[in-house]
Each structure stands twice: as C-alpha cells, then as structure tokens.
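Biologist: Please put the model on screen. I would like to go through it with you.

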Amino acid sequence: MIRLQRHWVWISHTVWQMARRPEYVCGAVAVICTLFSLRLALSRAKDVVKMAPPPVRFFSPNSPVIDLYMGQLDQVERYCHVSEVYVILFYAPWCGESISVREEIDQVAMELRDQVLFIAVNCWWHQGKCRKQMNLFYYPVIHLYQRRFGPIEYKGPLTSAYIHDFIRRVMSPLQYISTHSILLDFLSHYEPGVLGYFEFNSSPQPPGYLTLYVSALHALKRDYQGTIRFGVITSKQVAEKISVTNPGTIYMHRHFNSSIIFPHEVLNATAVNIYSWAFENRETFIHWLRPHGSKSLLLNNELKKGPALLLFFPFSPLAEKQPLIEEITEVALKYHNCNNSKSVHRVLQHIEEAEQADHKDQATDSFAHVVEPFFQMRKTCCNSIMLPQWNRIPQILNICELCINQTVGMRPSVVHLRQCSSIEIEAALDLFYLRKRTFFHLRSNTVECSNFLSYYNPFNYYTVCCRTLDSSFNSEQINPFTPSELCFRAEQKHWLISDSFPHVEDRVSTLLELHLIQSNITGLSCNTNKTLNFYLMDSNLHWRFATRLGANESAQVQEFATIIDLLDEVHYVLDQRQILDKSSIENIIKNYSRTYSPLNRYLIAGTTSQAQENYLIAEVTTQTFDSIVLDAEKNVLLLYYTQWCGFCTVLNHVFIQVARLFHANDGIIIARINVAKNDLPWEYMVDRIPTILFFPRNRKDLSMKYPDDLPFTVPNLVRFIVSHSTQLVHQDPFQSCNPDCIQKAAALQKDRISQLEEELQRLRAEMQALHQAEKQMALQLSAARQEEHQLKLHNRALEEKNEKLKSHNEKLQDLYNQRNAELAETAEKLSEITAVSEKLLKENALLKTYMASIEELLEENTYPSSTPIPAEEEALLTSRSENNAETESFSSHDTHTL
C-alpha cells in the first residue's frame, strides 16, 4: 500500500511538472516512440538475420568422388591411406567454375576410380575446418598427392582430358626406356628430356633413382604443363647410344646445343638441385600458350619477344599419336638447325621413318575422303599435259594437269573447264619446264600434286597433279580427275627432280637421275633477321583468339596459322582453305623470310551496316575503303576516329553540320572510319587521332590533310573542302554545247545558285542564333561574376565576424578561468569556517550542559544563596562567553564577504 502511494505521488508530481513545462511532454512522447520502434525492430530481427542453411552434397551419391560437403578437412587424412595417389578438389558451391569442373572431375574419377582416390571438400562452409584452416583466394583448387609428396597444384585447363593427362603424369613421372626405338621416340619429342641410367639387377631401387623420381614430381609441381620430360634407361646397350656408361648418371638431351650431364662434383645430387639444373639448362623451341579465362597478358608478353608463328589446331592430350605436332616439330627442327647437327638429322630421320610406317598402315584414299567435304573446287585456268616417255620403262606414261592461279592446298579444276589464253598457258609451261620437275612414279593408282610460285606474279601459284597410265590406253581412259584423286595430300608426296627436263615437243629419251627435293627451310632462322618463335594453342579452348586474329568463326576444321610481328606491325594469315600441315607451314615461313615477302598483310575489318544510303556520314570499313574513298568520280572527306577518342566525340557536331551542307551535292562524300576496328594499307594510315583527309576526285594521290593549327569549325572545314576541290582542272562544259544545252546548263546553274543562297541564308540564321546565344551567355556570365563578387564580400564579412567571435570567446574564457579560481578560494575558506563552526558548536553544547549542571547545583547546594561564586568558575565563564562572541562576529563577517 505504501509503495502504491509512492508511485501515485511520483506520477502526480511528474504530471504537474509536465503541465508547467510543455517541452517535457514532447520529450516524453519522443522517448516513448523511440523505445517502441526499437522494440519492434528487435522483435523482427529473427526474420531478417537467420542462420545459413546447412550445405548439401555437391557430387551425386553415385559418384566415385568422396564429397566432404561439411568441410571436414580432418577426415582427409583418414582417406589418404587408401590410395597412393589421391586428388583433392577444394570448391565453393556458388562458384561457377566449381560447378563446371564438377562434371569433368566426375568423368575423370569414373575412368581412374581403381587407381586414384578423388576427394572433394567444401571450403566455403563457415563452420567447416577447411574454411578456418585453408586461406584460399580463388576456387576451384585442385591438389594432387603422390605417396605423401605434395601438394602438386594443377593450374591447367579445367577439362577432363587435360586433368586426366596431368594425373597420369603424376602417377608415372618417369618414362622407362628399354629399347633403342623407345629412346629415339623420347629424344625426338619437342620438349626437353632428362634421362637417368640405373641398373636394376642388384636392387629394385638403385642409388639415385628415388632422387630422380622426386625431381620429376618437383618439375610437375613447378610447371603444370610438364615442359621437361624425365626418363629412366634400364639397358646398358641403350645407354651407350647416348655415350652414358656409368650407372647413376643424369643426362639432359638438347637438340641444337651440346647435351650435358649433371655435375655431381659441383652440386649435390638432390631432387631440388636436379630439377633446378634442368630448368636452367633446358632448350625449348616450341611453346604452348594456355591463357586463363580472365584478363591475361600472356599472349601480349610473348609477342613482345619478337616475330611469332601462332598455330591453332585441336589438341587431344590423351591421344597416343599426334601427327600434326610431329610435323610441326620436324619443321621447327629444320628451321633452327643452323649448325647441321647430327643429332637433329638422326631425329628427323627417325620422324620420317615413323611417318612412312604410319602411312603404310593407312589406306591410300582415307585422307582424301576425310578432307573432301571441307574444301571446295575453284574454277581456275587448267590444261592437261601428257609427258613423253623418256624413262626407258615400257608402257608407262605420265598424265598431268597444270592449273594457273591455284591456291596452295586446293585441288585443281577438272579438265573439261574452259581453257585459258595461249599466253598464260605458254608462260605456265615454260615455268614448269624451267623448274626441272618431273612427277614420275611406277604404276601408282594415286594422284600426286605439287605447287610452286609464279615468277611473273608473286601472288599466284601453279598446281600440277599427275598420275601414271599404261601406254596401251585408249581414249576412254583419259577421264577428268575425280575429286578424291585431285585432293592435295602432303603425306603422299614423292616428288623427284632431275638435272634436265625435256620440252613436250622433244622426243629425245633421257635417263633421269632421280633424288629427293631438299627443303630450303633448314637453318633459315640463322639466315634472316626475322627469326620466328613457334607457339601452339589448342583451338578447342582458345579459338576466340584465332577469330580475333582473322580466323573464320564458322570454320568446320578449327585449324589456323598466323605470323605476327609487333615491331614491324605486320600480320600475315595462312589461307584457311589450305590444309594445315608440314608443307603449308614451311611455305608461309619461307615466304615470310624472303627479303621482299610475297605475303599480303592481313587487315582486320569491322562490320558494315546494311543500309547506309540515307546516312549523312558514310561509315567506311576495310572492305568498303576502295569502293567509297578511292572512287575516282567523287570527292571524299574522311575522318579517322576511334571509340575511345574523347576529342573525336567533341568534333561530331561540326562534322554532322558539314555533312548536312553537302548532303545535296552528289559529287562529294562525307565519310568516317573507325581505325581501332579497321586496318588499312600503310599509305592510308595516320599517326594521330582525330585526323581529316580530303581525297579529290580523279587525283586520289593528291590527298590533303586538314591543318592541325587551324581551328576545327564549320566555316574553316567548308573552306578547306572548297579550296581543294577547285584545284582540279575542269573542261569548259559550254565548248561543245548547243543553245538548248546552254539554257539547260544556265537553269541548272540558277538552281544551284538558289540552293547555295538558301544554304547561305541557313548559315546566316545559324550565325544569328549563335550570336544571340553568345549574348545570353555573356549576360549569364556577367550575372555569375556579380554573384561571385557578392559571395566574396559576404565571405569577408563572415570571416571578420568569425574573428570577433573568436576574440570574444577568448575573453570569456579568461573571465571563466578567473571566476573559477575565486570560487575555489571561497570554497576553501568555507570549508575552514565549517570546521571551526562545528568545533564551536560542540564546545557550546558542552558549555550549556555544564551551565545547566552548575545551576542545578546552585539551586540544590547547601550553600546559601548569597554565597558568591568561586573566582575560578567565574573566570571560566567569562572566557567562554568572549569566545562565543568572537566566533559569531567572524562568521557574520565571512557571510558578508560571500
């Protein structure tokens, strides 16, 4: 009851105070609303922030991959004892690359489930140990372990074939070489090789074998592409082929420089020292480029090193045979063989023997059947030739078909096409005989083809296809070559030459001394200052780079070759109608290496709009440059611009106004070209952007550049066009004209004059509008300046007030400090007075008590009332009364002072 009364009293007092001061009511209402909103927000916090849902399986339950989707990193150790080789995939469930690589890993795991253990760990779940212990900055991350060696991180393409091949290399980092043929296969590879010779008769693990094994794993850990191959020779006879006799010797094979042996006397034979020594002394002449998916400068950095030959083709890492890579290796070995190395000759001989063995196992027409759908026949000038029988072998004749302007790699036209002029045919025949070539082979049913450059036109080729027939043939045997017979096939070339080649009309039989044609590409890298670097790229992964360099996006066979020289700013492309093989690669290299290269610079062209007739400004591209700019009947004003040029956009309105002025004039074209997307011949390129060139009609060689020091305005540009257009020499149109013609011409001139007057009036109106706009801008500028002046004055006044306030503030601060010091002194005096007062009060209370007791004693004393007070007591009373009077006076004085 008492508590309720107290609450009621407090509430009534609060209401009374709020009634006296209304601002308290507003404050109370604000506090209540704030508390209510906080309460409401905290009550709904459960719906806004909640625990993340638990992760689910990333791989399917039927997958051979062990999925630790809760991030149980501690359970990896328990599974690692099951297999000697295991793969760990660290993924994030939301990562797009992790999701895409899931199927690839699953496919590889299905193929290697009996040999390799696959583990996937969710490293994104915040409660898992993987997230807490592994500091990963990207996903997915693939680690391989081989007998507790690792981790070996895989950074290659995230496809099943490449991952499978890398795992195979980790499983077997060493290649065992037991025969001479296997040794030649190992040495003929384009990648550098390290060989170790060990005798396994006395021990299954001879000294140094495990060191070489671990060094091969270190090499894979450092370079995921495996650019260095490691092998082990197990036979003494095979080791002697490379002059190695002592067991435990580490030998590094190099094609062009001398092969070396690991220096055991200088370096300790440790795994780190061996692979470091191999990387420092390796010799690479073919490089694989595998840019990752994000922004990469790999291609740019490699192209800065010098001229580059980029070869794009589909590559399968798991294929046992790579015929195209073997041909590229053969070309590269010949190209870099400057010293006629014997080891290179042995390797080339082995490659040729392997190719011949492979060709014997294949059908003669299999290749033609495959490539036939991808190449179409060109209708060129062809003529059939029957060569005489000069070979002393009875009943053998050679029938050839000679085609003019035939692109390399294309099959020539059939014999029943239209014949060319006699002059062209005679020139082709003379060149054919000057070449001293014969296409002779014994009783072969196949067609042999060859091509060679024309002396008269370096951009044309002659193609010759020949076959043999019995001399007892009849007219029905001379049929047009079938498409399968005429298909150009580099693998079936067996060209033979002789010292003399008779003319068709010459009936003298001659015995020819036949020998193989020697290629001119051998050692070409040292005979020219345009040495090429060979780069390979998988078109299955990087075809988008090829399309940017000029490849056809819709090509059925993704094979492409190009030469890029950033220093000379040249770009050559191999014709995609050719087959990418050894001969085509050699041809483009030889043509590029010539002093006056017959190759045409490839020009990148942008897309053209379908309808540009109604446009004020014509958009020019590489393909339309000749038809628009170099049109002899038109004056052309061309603007060079790019999309990243900021000043070009500023000039657009001026260029558009000029285009409107000359839109009715059919004799002039206003055009522009985006030089960032369209390449032009060097004579039409400019060194700065934007640039304006004027190409007058009939004299395109007298093109003029708009002066750089002249302001870019509409009148200046119009004067520039008119001044250079009138420099041309015109014939008088009235010299050979009758009166009617003169009247028509006069009418046309009047119309033209009226049109020019209208245009002049438009220009004057625009000039007046510009003058008015200039006046308005001047008025606005003056008003802005006045406002700026007023703002400056106001700013100065505010600064003066600020200074006064600062000085006043300082004075108030000093006064405040003085008053604080006085109050501190007064407080000290008050404390002293309080102590003295308390002491006197105590004494006064004692005195009163004492006086009361004395009075009682006096009343009850047996002394008579007239008896006087003793002198001591009277003195004591007198002194105490005086003390009380002094105390009261002192306290009153202090109170007055306060």
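This is a predicted model: local features need pLDDT of at least 70, side-chain atom pairs count only at pLDDT 80 or more; totals for chains, interfaces and linings use all residues.

Biologist: Which residues does Lys334 contact, leaving aside its neighbours within four places in sequence?

Modeller: Lys334 sits in helix α12. Helices (H or I, at least four residues) and strands (E, at least two) are DSSP runs, numbered from the N terminus. Beyond neighbours within four places in sequence, the contacts of Lys334 are Leu348, Glu352, Ile521, Thr522, Gly523 and Glu586.

Biologist: Is Lys334 buried or exposed?

Modeller: Buried means under 20% relative accessible area, exposed over 50%, and partly exposed in between, with a 1.4 Å probe and protein chains only. Lys334 has 12% relative accessibility, so it counts as buried.

Biologist: Which residues are linked with Lys334 in a network of salt bridges?

Modeller: A salt bridge is a side-chain nitrogen of Lys or Arg within 4 Å of a carboxyl oxygen of Asp or Glu. In this network, Lys334 is linked with Glu330, Lys582 and Glu586.

Biologist: In which helix do Glu788 and Lys792 both lie?

Modeller: These two form a salt bridge, with the closest N and O atoms 3.9 Å apart. Glu788 is partly exposed at 43%, and Lys792 is partly exposed at 47%. They are four residues apart, about one turn of the helix, and that helix is α23.

Biologist: How far apart are the closest N and O atoms of Glu822 and Arg819?

Modeller: Both residues lie in α23, three residues apart. An α-helix has 3.6 residues a turn, so residues three or four places apart point the same way. The salt bridge between Glu822 and Arg819 has a closest N and O distance of 3.2 Å.

Biologist: Which residue does Tyr139 lie 6.5 Å from, C-alpha to C-alpha, at 47 residues apart in sequence?

Modeller: Tyr139 is in the loop between α5 (129-133) and β4 (141-146). Tyr139 has a relative accessible area of 12%, so it is buried. Its contacts beyond four places in sequence include Phe90, Cys95 and Trp124. The residue at 6.5 Å is Ala92.

Biologist: What is the relative accessible area of Leu35?

Modeller: Leu35 lies in helix α2 (residues 22-48). The value for Leu35 is over the 50% cut-off, so Leu35 is exposed; its relative accessible area is 54%.

Biologist: What is the mean pLDDT of the chain?

Modeller: pLDDT is the predictor's confidence in each residue, from 0 to 100. Over residues 406-419 it stays under 50, and over residues 471-519 it is below 50. Across the chain, 72% of residues reach 70 or more, and the mean is 76.

How values were computed. Residues are numbered from 1 along each chain as its sequence is written. Side-chain values use heavy atoms; hydrogens and water are left out. Contact means heavy atoms within 4.5 Å.
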